[in-house]
Amino acid sequence: MPPLNFSIILPLLVLTVWACLLLLVDLFVKNKGITALLAALGLAISLGITLSQVGATGTSFNNMVVLDGFSTFVNALLLVSGLFGIALAYGYVKRMGIERGEYYTLLLFSVVGMMLMAQAADLIIVFLALEMLSIPLYVLAAFARPNVNSEEAGLKYFLLGAFSTGFVVYGIALVFGATRTTSLAGIVSAANAASSGTSSLLLLTIGSALILVGLGFKVAAVPFHMWTPDVYQGAPSAVTAFMAAGAKIAGFAALLRVFSLAFPSLASDITPIIAVISALTMIVGNIIAIAQTNIKRLLAYSSIAHAGYILMAFVPYGQKGVVATSVAAGLFYLVSYALTNFGAWAVVIALEKAEGNPSTGSGQRGLEIADYAGIGRKHPALAAAMTVFMFSLTGIPPTLGFVGKFYLFRAAIAGQFYLLAVIGVLTSLISAYYYLRVVVTMYMREGEPETTSEPWLNLTWGLAAVLTVIVSLVPAPLFDWASQAVLKLF
Amino acid sequence: MTPDLIAFFVLALIAIAAALGMLLGRNVVYSALFLVLNFGTVAVFYILLDAPFIALTQVSVYAGAIMVLFLFVIMLLGTETLPVSKALPWQRPLAFVLALILAGEAGYLLFFRKVTSGTIPQPVQTFGSPQAVGQALFNQYLLPFEVTSVLLLIAMVGAIVLTIKEKGGQGK
């Protein structure tokens, strides 16, 4: 047996050990704010190690995990998402009366699962990572119990998540049946060798389609999106923000790893499927969002729509010349979506109130779009930040969302998916209607909004807004890093 | 008749009888105990097939842990006193149809399929032995094994978080 190279998964190991210790330390800490800070410290240490690994490559544990530019990029993004998630939760859980130390431990474990997903080089690890990121999210979604909405969100997410995991496992079993291996690299060579025998390739195609279904569920792609609005609305807002960004990043990382590394031979079968799913996701997400009056549901449908845009980056995954730019555009868009998403949810949290009947979850809780009336006058900075996020989600310059969409559509056109690019532009136009309605409500309507001002929360939306604008003015370094990250993959 | 074959038929009868007893038993506790018996006989089958690792897993995990948990749940919840819930109306016909399909498939495989390769190659003697499983588990599959252990820890923490009673009496 070759010696194990632990440095390959060092950020992950550190975070796992840290989370286990935090579980114990939390018992002796009365002030849960300290638990939050310790959790953030763990993420920061792991982030430091990850950044020190830029450029390093390798595999370990018998090719179960891989370290490359892509995994480093995604891991850094996930760790930053975790930090944002803690910053959002810090004041929120106290205010909502759901402060428990396990919140932060579970969040750390979920980040570990997501990072493992980004480093997976074997379908068994993909499956375990999927569970490891999902189970803490199921629990976190139900964290505001006995609030029925939160309980419903947790149960719904759990049942449908378990169902979709079943698809993934069945898909993996069929792929194993066809190729006799679960290693991503092994599947490629087995598929190439078996290209003469058609029956096993059919099994491989069915298996990969089932894996696509399961991962499509995780990233909330149509038609596997039904759970999203209810779960996003019912779960505590800080959890939703983390779930929307983290689960999407990890899901797309897995899609990219599995499909472009293991199934390139199936590109002709899978590309049309992903194209249709991407188009449907953009159309359905954006159109249903128009009818929403609740800001959490609005952002949920917005999140579905953005899954469609990001999926666009994976459509040309079988075309050698185009795929690298396209996937780099996808990574760039993930960064832009994560940043904007955290900013927008920070504003939602600033307006959310704990009042209302906790057992029914109804009452005035500052979650309707109408509650945003008058912010423009009362809290100009908050309104300006929210305007930036809405612009970015729509794709209006000078915001990161615009640059991200520009790269995405350019990649789609380069891959000659003109129809998809047109659908992307048109649905962005549709989305302007509901995003700008929030802006109009903030500035044009009179109202007496009540907001909460907490240092970490203000920092989150302030930082996110500033970065959304600044990075959009000089996007080249970030895009170059994303391009470098995927260079070795293809 | 070799001793193995005699043992097989005796155990097969016990296994089938236990399964029927579990299905037809009126008392839930008896049904659970019949299932334990069934699991036990299946474990002996595994030993007859030279798979001691699976046999021991069967006893310790299924017959031991899971069935004890079942019995605990049955006794704690007091299912005896619960009213018998009505079966779904379409359940019985559906089960019948599915059973017919399964029987048809099995019959097809047994009687009509042309056997191309003569015999199934005998697996090596150490296949599935505790040593072999341990070697695979702690060498090639070390990382998945460890990840699974962390996963179980997470699930445990999550279950406790969702069910623990708060001091203020908020929990359920």
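This is a predicted model: local features need pLDDT of at least 70, side-chain atom pairs count only at pLDDT 80 or more; totals for chains, interfaces and linings use all residues.
**View 1. The cis bond at A:Pro398.** Going from A:Pro397 to A:Pro398, the peptide bond is cis and omega is near 0°. Helices here, like strands, are DSSP runs numbered from the N terminus (helices: H or I, at least four residues; strands: E, at least two).

**View 2. H12 against H16 in chain A.** The axes of helix H12 (residues 295-312) and helix H16 (residues 400-414) of chain A come within 9 Å and cross at roughly 45°. Those axes are lines fitted to C-alpha atoms, for helices over the stretch in contact, with angles running from 0 to 180 degrees between N-to-C directions. H12(A) and H16(A) are therefore oblique to each other; angles under 35 degrees count as roughly parallel, over 145 as roughly antiparallel, 65 to 115 as roughly perpendicular, and the rest as oblique. On the H12(A) side, A:Tyr309, A:Ile310 and A:Met312 meet A:Lys405, A:Leu408, A:Phe409 and A:Ala412 of H16(A), contact being heavy atoms within 4.5 Å. Sorted by class, that contact has six nonpolar residues, no polar ones and one charged (Ala, Val, Leu, Ile, Met, Phe, Trp, Tyr, Cys and Pro count as nonpolar, Asp, Glu, Lys and Arg as charged, and the others, Gly among them, as polar).

**View 3. Chain B meets chain A.** The contact draws 24 residues from chain B and 29 residues from chain A. Together the chains bury about 2,300 Å², 79% of it on carbon and sulfur atoms; this is the accessible area (1.4 Å probe) that two parts lose on being put together, summed over both. Helix H6 (residues 142-163) of chain B gives the most to the side of chain B that touches chain A, with 15 residues. That side of chain B divides into 15 nonpolar, seven polar and two charged residues.

View 4. A:Arg145 and A:Pro146 are joined by a cis peptide bond with omega about 5°. A:Pro146 is in the loop between helix H5 (123-141) and helix H6 (148-179) of chain A.

Methods
Residues are numbered from 1 along each chain as its sequence is written. Chains are lettered from A and ligands numbered from 1 in the order in which they are written. Side-chain values use heavy atoms; hydrogens and water are left out.
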